[in-house]
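This briefing goes through one protein chain, from its overall build down to single residues. Please keep the sequence and the structure at hand while reading.

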Amino acid sequence: MIPFQKELQKDINKLVGTLKDDEQLEEVLKRRLTKKEFRYYKLKIKNANEEMMKNELLCDNERLEAIKKQTILKLNQEKIKKELVE
């Protein structure tokens, strides 16, 4: 089981309420993020280095940076934040 709660608390600005359990969080993230964004986030939680991420996601430095920014932006959208909290 991947511990989504700790990482989400770091990445989300102004979190209101308590996060759901990890299983529910994984479902919401799977539904709301693209496949690459979701895979990136799982790798981030596992503390994978950038080279490993690029190999896993089949992308270059520019694309990896774009995926990182897009993922954090999406996590901070109000409608997604509402789905992540109880």
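The model is predicted. The chain has six helices and zero strands, and its order along the sequence is α-α-α-α-α-α. Its radius of gyration is 13 Å, close to the 12 Å that the globule rule gives for 86 residues, so the chain is as compact as a globular protein of that length.

**Whole chain**

- Taken along the principal axes, the box filled by the C-alpha atoms is roughly 35 × 25 × 20 Å.
- Of the 86 residues in the chain, 43% are buried.
- Among contacts with a separation of 6 or more, 59% are made by residues 24 or more positions apart.
- The accessible surface is about 5700 Å², and carbon and sulfur atoms account for 48% of that surface.

- Helix 3 spans residues 35–45.
- The buried residues in helix 3 are Glu37, Phe38, Tyr40, Tyr41, Leu43, Lys44 and Ile45.
- Their cover includes helix 1 (4–11), helix 2 (22–32), helix 4 (50–57) and helix 5.
- Just after helix 3, asparagine 47 has a positive phi of about 60°.

**Lysine 44**

- Lysine 44 sits in helix 3 and counts as buried because its relative accessibility is 18%, where the cut-off for buried is under 20%.
- Its side chain makes a polar contact of 2.9 Å with the side chain of glutamate 7.
- Not counting residues up to four places away in sequence, lysine 44 touches Glu7, Asp11 and Met53.

**Asparagine 76**

- Asparagine 76 is in the loop between helix 5 (61–75) and helix 6 (78–84).
- With a relative accessibility of 19%, asparagine 76 also counts as buried.
- The side chain of asparagine 76 comes to 2.7 Å from the backbone nitrogen of asparagine 13.
- Leaving aside neighbours within four places in sequence, the contacts of asparagine 76 are Asp11, Ile12, Asn13 and Lys81.

**Isoleucine 72**

- Isoleucine 72 belongs to helix 5 and, at 26% relative accessibility, counts as partly exposed.
- Isoleucine 72 and glutamate 27 are 45 residues apart along the chain, and their C-alpha atoms are separated by 17 Å.

**Positive phi in loops**

- Most residues other than glycine have a negative phi.
- Lysine 14 is not a glycine, yet its phi is positive, at about 50°.
- Lysine 14 lies in the loop between helix 1 and helix 2, and its 75% relative accessibility makes it count as exposed.
- Leucine 58, also a residue other than glycine, has a positive phi near 55°.
- Leucine 58 lies in the loop between helix 4 and helix 5, and at 71% relative accessibility it counts as exposed.

Notes. Residues numbered from 1 in each chain as written. Predicted model: local features only at pLDDT ≥ 70, side-chain atom pairs only at ≥ 80, totals over all residues. Heavy atoms only, no water. Helix = DSSP H or I, 4+ residues; strand = E, 2+ residues; numbered from the N terminus. Buried < 20%, exposed > 50% of the residue type's maximum accessible area, 1.4 Å probe, protein only. Polar contact = N/O pair within 3.5 Å; in protein donor to acceptor, adjacent residues only side chain to side chain. Contact = heavy atoms within 4.5 Å. Rg over C-alpha atoms; globule rule 2.2 N^0.38 Å. Areas by Shrake-Rupley, 256 points an atom, 1.4 Å probe, with all protein chains shown as cover.
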